[in-house]
Amino acid sequence: MNIIFLGPPGAGKGTQAQRICSALSIPQISTGDILRRAMKEGTETGLKAKKFIDAGQLVPDEVIIDIVKERLAQDDCGKGYILDGFPRTVPQAEALDTFAKIDCVIELSVDDQVLVNRLSGRRVCLKCGATYHVSMLGEKTTCDVCGEELIQREDDKAETVLNRLKVYHTQTAPLIGYYERKGLLRKVDGDQEVDAICGAILKTLGVRA
Ligand code: AP5
Ligand code: MG
C-alpha cells in the first residue's frame, strides 16, 4: 500500500509513520529526515536546503521532487511505503502523480496551540530519526533505539515554529482538497493518545491491529 501522511508540523506524522511502517513492514520516507541527514553530512543538497529549513520555509519543489522520485525507485519501496512530509505543495502532488500511484492519504488534524507545545518539547535522534518529547524523557539524553545523543531541531525554536505553521496553512493545506477530490483522503483526529491514533490509522487502512 502506498500511503501519504499529511498534516501540520508536530501533528505526529513521524511518530505514527514509524509505528505503522513497522506494523506493515514497509519503509518510512521522511523528506525532513532525508534533508536533515544531508545537512549533517554537508552534501550539496544539504547545503542548499539549510537556509530554507532553518527559516521554516519549504525547500524548492525541484530539489525535493527529484529526491523522492529517486527514493521511490529503490527496491524496498516495491511492497509499499509511507510518505511522511511529502508532498507539501500542489506542484509536488502533481509531480508525484506522474511517478507513483497513491492508495490512501491520512490527514492528521491537530489544533495549532497543541502543535506549538509538542514542537517546543520535541527531541530527535539525527541518526535513526526516532522522536521523543521531553515530558517522557526524564534525565535521559540518548536515543533508545541507537544510543545517539538526542538534539533539539533548529527549526523547533519558537519563532520558526510559528512560521512553519503559517507555511503549512498557505502552501500545504490546499492538498486536503486536492486529495479529497480524488477520493483518497481519510481524516484521523491527531489529538489523542499515540496508541489510539495508531489504532485509528490501522483501522482506516483496513489492517487488524
Ligand atoms: P519535516 O521534518 O517534515 O517537519 P514537519 O512537517 O514540520 O513535521 P514535523 O516533523 O515537525 O512533525 P511531525 O508531524 O512529524 O510530528 P512528530 O511525530 O515529530 O520538515 C522539516 C523541514 O524540511 C520543512 O520545514 C521544510 O523546510 C523541509 N521539507 C521537508 N519536506 C519538504 C517538502 N516535501 N517540500 C519542501 N520542503 C520540505 O511529533 C512532534 C512532537 O509531538 C514529538 O515530540 C512527539 O513525541 C510528540 N507527539 C507526537 N504524537 C503525540 C501525541 N499523540 N500526543 C502527544 N505528543 C505527541
Ligand atoms: Mg516529522
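A pocket, on a 1 Å grid over the protein atoms alone, is an open set of points where a 1.4 Å probe fits, with protein on both sides within 12 Å along at least five of seven lines, and its lining residues have an atom within 4 Å of a point. The model is predicted, so that local features need pLDDT of at least 70 and side-chain atom pairs count only at pLDDT 80 or more, while totals for linings use all residues. Residues are numbered from 1 along each chain as its sequence is written, and side-chain values use heavy atoms, without hydrogens and water.

**View 1. The second largest pocket holds about 160 Å³ of space.** Its lining includes Arg-36, Met-39, Lys-50, Ile-53, Leu-126 and Asp-155, and helices H2 (31-41) and H3 (44-54) each supply at least two of the lining residues. By class, the lining has seven charged, four nonpolar and one polar residues.

**View 2. Helix H5 (residues 90-99) has buried residues (under 20% relative accessible area, 1.4 Å probe).** These are Gln-92, Ala-93, Ala-95 and Leu-96; seen down the axis of H5, the buried residues fall within an arc of 160°, so they line one face of the helix. Among the elements that cover them are strand E1 (2-6), helix H4 (61-72), strand E3 (81-84) and helix H9.

**View 3. Helix H8 (residues 158-172) meets helix H9 (residues 174-181), their axes coming within 5 Å and crossing at roughly 35°.** In this contact (heavy atoms within 4.5 Å), Tyr-168, His-169, Thr-170, Gln-171 and Thr-172 of H8 meet Pro-174, Leu-175 and Ile-176 of H9. By class, four nonpolar, four polar and no charged residues take part.

Conventions:
Chains lettered and ligands numbered in written order. Axes fitted to C-alpha atoms, helices over the stretch in contact; angles between N-to-C directions. Helix = DSSP H or I, 4+ residues; strand = E, 2+ residues; numbered from the N terminus. Nonpolar A, V, L, I, M, F, W, Y, C, P; charged D, E, K, R; others polar. Points joined across faces, edges and corners; volume = space filled by probe spheres on them. Buried < 20%, exposed > 50% of the residue type's maximum accessible area, 1.4 Å probe, protein only. Arc of directions from axis to C-beta.
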